[in-house]
Amino acid sequence: MAATGKWSFAEMVMAAGRHPVNSPLWHWLWGALLLLNALTVQASDLSASVNRDTIGIDETLNLRLRYTGSESGGQPDFELLQQDFDILSRQQSNQYQVINGRAESFVEWTLTLAPKRQGKLFVPSLHYQGSVSNAVPITVKDASTTPGAGDRQAFLEVELDKGQVYVQEQLLVKVRLYTTIGLHDIATEPLQIPGAHVEKVDEQRYERRIGGVSHAVYELTYAVYPESSGELKIPALSYVAIAGRRDPFSLFNRNTQRLRLRSQPKVIQVVPKPASYSGAHWLPAASLGIVQSWSQDPKHFKVGEPITRIVTVRAEGLRAAQLPPLPRLEVEGLKTYPDQPQQDDQVDSGGVTGSRIETTAIVATQPGDYQLPEIVITWWDTKTGRQRATQLPPFRFTVSGSAAGAKPDQTGVAPETRVNLTAPTAEDNFWRNLALAAIFTHLFWVLYFLYQRKKRNPSPRLKETPRTDSGGEASALLQAAGGGDAAKLMAALDNWLHSRWPETRGQSLAEANRNLKLEDLQQLQELLSAALYTTPPQPLDRQRVQLLVERLIRVAKSKQKPVENSALPALFS
């Protein structure tokens, strides 16, 4: 010891043992021990632990994060943790304890975590007050391989009503939440499927017995319409709910538990339109019917008197926007004035039933017998898997009365142009003068009213139909044209059309094209139809599509006048 000049801690203790307790060496030793103990107590540490390291995708785990140190305030940054886990609940507690005479204080956070995906995950290292926690590996398995999955108190189920669908055919997706425990504050995740139109059509609550055990069921039904053929993926859905009874007099509700439930993803095959289908419009429906009605009895149809014909097309399993317009009525001797069509969707647990109602005012200009042509709609019966046609038969009726240009009688003067040769009496002159005075007085007040209105509004201008041709829709259309995806291009084209011409909203691409009469739009529609609805589908010619889209946007910008509104003309023009 003398040779080295250094003393170990054990040698100092042995040396102190040979001296009295109140010696300076003992005082120095006790001081060193107290300082070492204080440093140990004040040393900062952040540790992480979990109650389970192997769970199912629909299960949860508890993460316990403990910090021992003198500094406090705030909480760790959990943003990195949320990349692979949903934080369902979070609690914080400050504790102080003495173990074997050693005092210890710490802050503890308890988090309930739900995994976002399967596979090998990690609870990452977290940072707090300069300390870093340890990372914890987690294995996430499929729900069906998790022990006790059949005895779960709450779970989700997804059911499809078909194993295979045609493009644009209705697919019913039912999402059911089963539970044997009390659940409340259920937060549902909406169903969103890329490449398909999704619409919620029904919501029900009922009970069902499974294995002799009664379950409460919360069921949502969605109608899904695939926009292109191929595989359609129904993604996994996540529901969050609170289990247990809530105490209205408790601030913390410690006897409740936050659950995250997750469904299994589904895949269904979408087949293209059959090559044997010969209809002008692809209409996959469970049923389709046509009916007509009249505003009055057509048996009493007279020349010059208007009568209204109402034709309704109703299809089970199709939206109203999918139904095509009816052929225009053109019959010699009849003037027709079609009104704007009405579209209506009725939804229930069986899906969507779309209706298209077309109203036409008819005025006969000549008496005689007339026949309205038949209406035939070809559609695809999804129940039997074959092509069908629904027909509205021809309608015959007779118009009575005389023509507008009636033949002159034997006197050689037409009845409408005969002259009364009798000299007017004094009484006739009085009433004639009174009528003229009333007419002139009325015209005076009308002109005075227009003059006063012009003084208040010097330069009134006619309002034109507003058009919004925002750069966002045009840019999205150009981007979709360069991508080569027919379904995305169809959606972008619809958005741009409805933004550029608001009056086309609710119309199909073919119907909008008939109203706009744009040659580039017609060619683009033919390319999209060949890519989406033919078997096998034809690939898009990107260069031609890009050229057509650019030309279509330029033509749209060059048109200054709005599309003429198809208002109902005067009946007797």
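The structure is a predicted model, in which local features need pLDDT of at least 70, side-chain atom pairs count only at pLDDT 80 or more, and totals for chains, interfaces and linings use all residues. Residues are numbered from 1 along each chain as its sequence is written, and side-chain values use heavy atoms, with hydrogens and water left out.

Strands here are DSSP runs of E with at least two residues, helices are runs of H or I with at least four residues, and both are numbered from the N terminus. Two strands pair if DSSP finds at least two bridges between them.

Leu-171 has Val-224 in β15 as its bridge partner. Strands β14 and β15 are also antiparallel, with 14 bridges between them, and Arg-205 stands opposite Tyr-218 in β15. β14 and β15 form a hairpin with two residues between the strands, where Gly-211 takes a positive phi near 60 degrees.

The strands β10 and β12 also bring charged side chains together. Arg-176 and Glu-159 meet in a salt bridge at 2.5 Å, N to O; a salt bridge is a side-chain nitrogen of Lys or Arg within 4 Å of a carboxyl oxygen of Asp or Glu. This pair links distant parts of the chain, with Arg-176 in strand β12 and Glu-159 in strand β10, 17 residues apart. Arg-176 counts as buried at 6% relative accessibility, whereas Glu-159 is partly exposed at 36%. The cut-offs are under 20% relative accessible area for buried and over 50% for exposed, with partly exposed in between (1.4 Å probe, protein chains only). Both residues belong to a network of salt bridges that links Glu-157, Glu-159, Lys-174, Arg-176 and Glu-219.

Another salt bridge joins Glu-169 to Lys-162, whose closest N and O atoms are 3.8 Å apart. Glu-169 is buried, with a relative accessible area of 3%, and Lys-162 is partly exposed at 24% relative accessibility. Over the whole structure, the search finds 15 salt bridges. One of them is between the side chains of Arg-64 and Glu-108, at 3.6 Å, N to O. Arg-64 lies in strand β3 (residues 61-68) and Glu-108 in strand β5 (residues 102-115), so this pair ties together parts that are 44 residues apart in sequence. The relative accessible area is 43% for Arg-64, which is partly exposed, and 6% for Glu-108, which is buried.

A further open sheet has three strands in the order β2-β9-β6, with mixed pairing. Here β2 (54-56) and β6 (119-123) are the edge strands, each pairing on one side only, and the twist averages 35 degrees from one strand to the next. The pairing of β6 with strand β9 (residues 136-141) is antiparallel and covers five bridges. Lys-120 has Thr-139 in β9 as its bridge partner.

Turning to the helices, α5 (residues 486-500) has 15 residues and reaches 21 Å from its first C-alpha to its last, close to the 21 Å expected at 1.5 Å a residue. The expected span is 1.5 Å times one less than the number of residues. Among the buried residues of α5 are Leu-489, Met-490, Leu-493, Trp-496 and Arg-500.

Helix α3 (residues 426-456) contains Phe-440, which is exposed with a relative accessible area of 57%. Together with Leu-436, Ile-439 and Leu-443, Phe-440 makes a nonpolar surface patch of about 400 Å². Patches are made of residues with over 30% relative accessible area and no salt bridge, where like charges are joined within 9 Å and nonpolar side chains (Val, Leu, Ile, Met, Phe, Trp, Tyr) within 5 Å. Accessible areas come from the Shrake-Rupley method with a 1.4 Å probe, and for residues only the protein chains shown count as cover.

Terms used:
Axes are lines fitted to C-alpha atoms, for helices over the stretch in contact, and angles run from 0 to 180 degrees between N-to-C directions.
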